[in-house]
Amino acid sequence: MIDFFLTVLVISAGCSFLICMAVLLDKIFCKKYSRHWNYIVWFLIAIRLLLPLNVQLVKLPFVENKERAAVVVTNQNINETDKNKQTILSKNNQEEAKSVQSDHTDFLLTEKETDSSTQIKESGNHHMPWVSFESIIKGASLIWMIGVFLVMLYHIMAYMSFQKKISKWCHSVRNSEIHNVLQELCTEMDIKEEIRLVTCPLIHSPMLTGFRNPVIVLPTKEFTLEQYSFILKHELVHYKNHDLYYKLLLLCATGFHWFNPLVHYMARTAYSDIELYCDEKVVKERNLQYREEYSLTLLQIMSGTYGDNILLTTGFSEKKKQVKKRVYQIMNIKPTKRGTSIIIGVICVIFLISNITGSFLPSKVSKAETIGVEVEEVGIEESITETEKNESQDLLEKASHILVVGLDGTNDDTNVRADSILIVSINPVSKKVVLTSFLRDMYLSVPEIGENKLSAVYSLGGIQLVEDTIETNFQFSIDHTISVNMKAFETIIDAIGGVELELSEKEAEYLNQTNYISKKECRNVLKGRQRLNGSQALGYVRVRQVSDENGENGEFGRTARLRKLLSAIMKEYKKQDIMKIGSLFLTIQSEVTTDLSYTELLTYLRTVCNDTVTASTASIPVIETYTLETQQGMSVLVPDLDKNIKAFEKFTG
């Protein structure tokens, strides 16, 4: 509900700008344009106020990002008796490149490791600096909900009370001449529905009421047949324009945004413009005499009204200060423009504001980043018996390559897409485990299909086609495959007790105020180094709009966060029991599809967790081994396959 309330606030603010713009335009063009554009514009704004959606349709080019590529090499030696770390960093190379579009996050698995002596803050539900802010928002959202309920209840009760009075005191019009006038007007205006005609001593102004069974209610005051013709035509125009539903829409908009005075002002102005537009249609293509008679009838009726302004009705009732405006509009025989260009402009502004406010949603626009090699020697603190080590070495007599595809959606979804593509290479001879990220923006030859981006391959033929594509282009054999839903990472991280990550102040604030962290109760992260649970960590790696501590934002910041998360997970896994890790995979088996047996999985895990094994991360293509091109209307990376084949062999050899 907090997310919904914040969305309502954002929409209310955006529509306030639209209301001010529409009022200003009306002041400028009121004498040149018909009330048609006002009528449509208020309707569009009311619709926008009731649609709690912010959709980023187009990536706005507010910031030009530079594409960079870097090579980072990190060596870290850990043993049980020595807790000191040694980090060796290679140079960072930067080059300018144009942006490349990709669909979701890529597991680019390199990271600049830094020693941190910052005290770890546990992220939980206690002593959070944002708790007071959340309490304020929760309290405000509760007040808003109560306000909506009371406002809507008041108007519903008022309408029901009015309807009850009308039904009690009204009686059918018996004058056949008035009925004949009504019938002639219905025929003229092509209205086939039956509309009742009644009189009521409690009202002083004619009005149309009733949604399912429309009724025109007349005061007991007598009029001439010509005046009855004006009155009935006015109400029939309201009926044909569906103005009762229009007013209901305005009522709902003011109910949802009862806290915004500009929305109430818009509703009052819209009620007036509904009447003005109705007057305009009644006297359309009529001579000056007809307009004068209609104006006199209007003045005669309005002079006797005393508070007949019921919301879900239409009629002649109006405040006296609006009389002059209505009479001027009626008597204006000069041709006026419909204001179609203004309506189109307002629609464009509505979409623009929606696009801007929708920018906080996870964007699908990204840039390819090419990272070289990061090498990290990880000492495992687990106690593994010599027998287990020997069994692992016996089963892994040669290098094995495992394809891991992270999916955006479940395996059963029809339009599931590959969110990340990794090759886990295990070499028992060199005692190396290498996680290589294959950038999804690479333009490769897809077997039996042709050339396409790697990101599209999974949707074209599943994990088998991804396997065939990588084998064909990079000339190595894949031994096993694993596909896993990205949401499963929440379960994995929670099972190991969370991961330690460092957040900047802006990152913490952004995560607490947006829906990147799926669980609302977990939106309480802090600035600094802390332990994040699965929901918080997954939300952290999806942030693109905020710069990290190194000043990187957009796709660069997002992929940097991904690298930090993978490194943190690897460090946590070395502290876990092998059997516990194996049982963890059983708990998420519904989210995982693999050709590995449970025994084979445990064997690989034992090998990876062996304290003699060196773990490293890399990505393909490597720096200066690709070109940025446009193919089939897509911005893609065209890799130098020969150089990248050699680089992959060097990584995993």
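1. Contact here means heavy atoms within 4.5 Å. With that in hand, take T254. Leaving aside residues up to four places away in sequence, T254 touches V263, H264 and A267. T254 sits in helix α6, which covers residues 243-256. Its relative accessible area is 7%. The cut-off for buried is under 20%, so T254 counts as buried. Y265 is eleven residues away from T254 along the chain, and their C-alpha atoms are 9.4 Å apart.

2. Now the whole chain. This is a predicted model. The chain has 653 residues, and 53% of them count as buried. Its secondary structure comes to 19 helices and 21 strands. Consider the contacts with a separation of 6 or more: residues 24 or more positions apart account for 75% of them.

3. Two helix pairs deserve a look. Begin with α4 (residues 176-188) and α5 (residues 225-240). Their axes lie 10 Å apart, and the packing angle is about 45°. That angle makes α4 oblique to α5. The crossing of this pair is right-handed. On the α4 side, the contact is made by E177, I178, V181, L182, L185, C186 and E188. On the α5 side, the residues are L225, Y228, S229, L232, K233 and L236. Sorted by class, the contact of α4 with α5 has nine nonpolar residues, one polar and three charged.

4. The other pair is α13 (residues 488-495) and α15 (residues 534-541). Here the axes come within 7 Å and cross at roughly 130°. Angles over 145 degrees would count as roughly antiparallel; α13 and α15 are therefore oblique to each other. α13 passes α15 in a right-handed crossing. From α13, the residues in contact are E490, I493 and D494. They meet G534, S535, A537 and L538 of α15. By class, the contact of α13 with α15 has three nonpolar, two polar and two charged residues.

5. T224 is found in the loop between β6 (215-218) and α5. Is T224 buried, exposed or partly exposed? Its relative accessibility is 43%, so T224 counts as partly exposed. T297 is 73 residues from T224 along the chain, yet their C-alpha atoms are separated by 9.7 Å.

6. Next, backbone geometry. Most residues other than glycine have a negative phi, and most peptide bonds are trans. Which peptide bond is cis, with omega near 5°? The bond from I620 to P621 is. P621 has its place in the loop between β19 (614-620) and β20 (626-631).

7. Q475 has a positive phi of about 60° although it is not a glycine. The residue is in the loop between α12 (457-474) and β15 (480-485). Its relative accessibility is 55%, so Q475 counts as exposed.

8. Q632 also has a positive phi, near 55°, and is a residue other than glycine. Where does Q632 lie? It is in the loop between β20 and β21 (634-639). Q632 is exposed, with a relative accessible area of 57%.

Methods
Residues numbered from 1 in each chain as written. Predicted model: local features only at pLDDT ≥ 70, side-chain atom pairs only at ≥ 80, totals over all residues. Heavy atoms only, no water. Helix = DSSP H or I, 4+ residues; strand = E, 2+ residues; numbered from the N terminus. Buried < 20%, exposed > 50% of the residue type's maximum accessible area, 1.4 Å probe, protein only. Axes fitted to C-alpha atoms, helices over the stretch in contact; angles between N-to-C directions. Parallel < 35°, antiparallel > 145°, perpendicular 65-115°, else oblique. Left-handed = near helix turned anticlockwise from the far one by under 90°. Nonpolar A, V, L, I, M, F, W, Y, C, P; charged D, E, K, R; others polar.
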